[in-house]
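Let us walk through this structure step by step. Keep the sequence at hand.

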Amino acid sequence: MLLTPHSQATTPTRRRTAAALLTSAVSVCLVAASAPVVPLGVGDRLFPYLGNPGYDVAAYDLAFTYPGNNNEPLRAVTTIDAWTTADLDRVNLDFAHGAVESVEVDGDPAEFRSADEDLVITPEDPVPDGSWMRITVRHTSDPMPAKGREGGWVRTADGLAMANQADAAHLVFPCNDHPSDKAMFTFRVTAPDGHTAVAGGLPAGVEKSGGQTTWTYRTQHPMATELAQVSIGRSTVLHRTGPHGLPLRDVVPTRDREALEPWLEKTPGQIAWMESKVGRYPFETYGLLVADVSTGFELETQTLSLFERELFTEPVYPAWYVESIMVHEVAHQWFGNSVTPRTWSDLWLNEGHATWYEALYAEEQSGKPMRDRMKAAYGASDRWRAAGGPPAAPKAPDPARKTGIFRPNVYDGAALVLYALRQEIGRPAFERLQRAWVVRHQDDTATTEDFVRLATEISGRDLDGFFQDWLYGEKTPPMPGHPDWKPETPAKPAPTAKPQAAAPKPPAPAKQAPAAGTPAR
């Protein structure tokens with residue numbers, strides 16, 4: 001995620017148990033199991049109740065029926081094929097913003113209850129360890145904002161898109177909503193004629209019937225739930241070809257296709273530039289979803305990155321900046337999407353690398369020196385660490401604002417760690433490390449410890465102390481090769497005035513063109 005500077009599955013052979021769905025409205029009341037129904041989680045330090053133990057999802061099949069406007073719930077069927085990793089009397093799924101109509105496990109009706117943000121499923125028979133199971137949930141998917149929550153469906157001027165970071169996929173569909181459990185996806189989207197639906201992956205068929213059209217898309221690589229993308233709207237799909245014949249497709253508001261084309265035509269060159277740095281593009285397709293909506297961020301949803309329309313249409317944003325933001329999201333396809341963080345504390349591996357290539361592109365293509373940006377980041381780093389925690393140990397977000405983990409400490413603060421590492425081990429070893437990282441962990445998850453281990457292997461040096469200080473220290477260590485760089489001296493607080501009654505909020509500042517070093521999310 002990057003903040004902008006303004007506000008298929010295999011038929012199961014044996015029964016399994018896996019489900020926990022929170023429903024905002026349950027249309028069928030079923031008998032509760034004897035033991036209390038409780039939410040579970042995989043123990044993520046930042047999101048302890050996210051994800052669920054006891055199974056590994058192999059594939060999702062998501063079917064949505066759009067009613068023709070973005071104020072009403074979509075009818076949906078979510079089918080999950082998974083492999084059990086424990087004996088399961090119950091299966092918990094993450095689900096928090098829809099009405100569940102029915103649940104089946106391996107074709108048989110199953111009981112279900114909600115527990116906080118879990119849907120808890122009790123199959124007729126326990127599902128043994130090492131079994132394939134298929135869970136089918138018929139439910140609604142509500143595009144209206146969930147109370148006290150961020151993310152999920154994004155209502156655009158002409159339809160819907162998804163923004164599921166950090167823990168919002170389960171506001172859209174039942175799932176194991178943690179990045180450690182990647183899976184294959186099939187999307188089936190039905191909408192009234194006149195609308196266009198596009199999703200991550202490649203098209204796998206279009207069917208028209210009774211004034212409606214159903215589009216099917218499938219991924220060819222596993223994906224974390226937070227990276228799923230579905231666009232529904234009165235859009236135009238533009239096609240072009242990238243390096244090695246890579247199929248590219250962009251989804252844009254029809255009225256803006258000509259105005260956006262000068263930006264969109266830059267994508268093949270940006271992918272080629274990234275390939276020159278880290279190797280071949282890791283997925284089956286790529287493109288931009290340009291949405292007529294104000295979100296305050298851009299988002300690296302897998303193979304179809306979400307962008308705000310105004311990033312390209314507002315003249316306040318310099319061309320070099322817009323292009324570097326495009327590269328930030330392209331870089332995420334390697335760092336974050338293909339190589340996915342095993343826990344949310346490993347987020348710096350995503351955002352630090354995407355910010356690194358954003359800055360490197362600005363240096364090489366637009367003459368914006370990386371050194372200047374990193375020196376500015378060094379000055380601010382102690383402040384960022386105090387506010388948000390060290391890069392690899394970020395502070396937990398406010399429960400009402402889960403995207404609060406996307407702070408400067410995991411953007412320019414984490415890119416600063418990479419700059420220090422390049423200074424420490426030298427450019428050749430650093431560049432070998434970057435290429436080896438995305439190859440060794442392609443289509444998989446990885447941790448900070450994995451990165452430290454690989455950096456030690458590539459450089460032939462013991463880097464444990466270096467990484468301990470740079471990734472976990474409360475204070476920013478001295479920068480190798482730049483002994484003159486100093487942290488900013490905190491400004492002295494102004495004298496405290498006598499408390500007064502609450503004053504009106506000051507007017508919002510006018511938009512300004514972002515400076516180099518603006519933190520991305």
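The paragraphs below go from a sheet to its loops and then to aromatic rings.

This is a predicted model, where local features need pLDDT of at least 70, side-chain atom pairs count only at pLDDT 80 or more, and totals for chains, interfaces and linings use all residues. Residues are numbered from 1 along each chain as its sequence is written, and side-chain values use heavy atoms, with hydrogens and water left out.

Start with an open sheet of three strands, in the order 5-9-8 with antiparallel pairing. Strands are DSSP runs of E with at least two residues, numbered from the N terminus. Two strands pair if DSSP finds at least two bridges between them. Strand 5 (91–94) and strand 8 (111–115) are the edges, each pairing on one side only. Strand 9 (residues 118–122) is joined to strand 5 by four bridges. Here Asp-94 stands opposite Asp-118.

Now look at the loops. Asp-116 lies between strand 8 and strand 9. Its phi is positive, about 55 degrees, although Asp-116 is not a glycine. At 54% relative accessibility, Asp-116 counts as exposed (over 50%; buried is under 20%, partly exposed in between, with a 1.4 Å probe and protein chains only). Between strand 12 (160–163) and strand 13 (184–192) sits Ala-166. A cis peptide bond links Gln-165 to Ala-166, with omega about 0 degrees.

Finally, the rings. Rings of Phe, Tyr and Trp (its six-membered ring) pair if their centres lie within 6.5 Å; planes under 30 degrees apart count as stacked, over 60 as edge-to-face and the rest as tilted. The count is 27 aromatic pairs. Trp-320 and Tyr-321 have ring centres 6.0 Å apart and planes at 85 degrees, so they are edge-to-face. Both residues, Trp-320 and Tyr-321, are buried.
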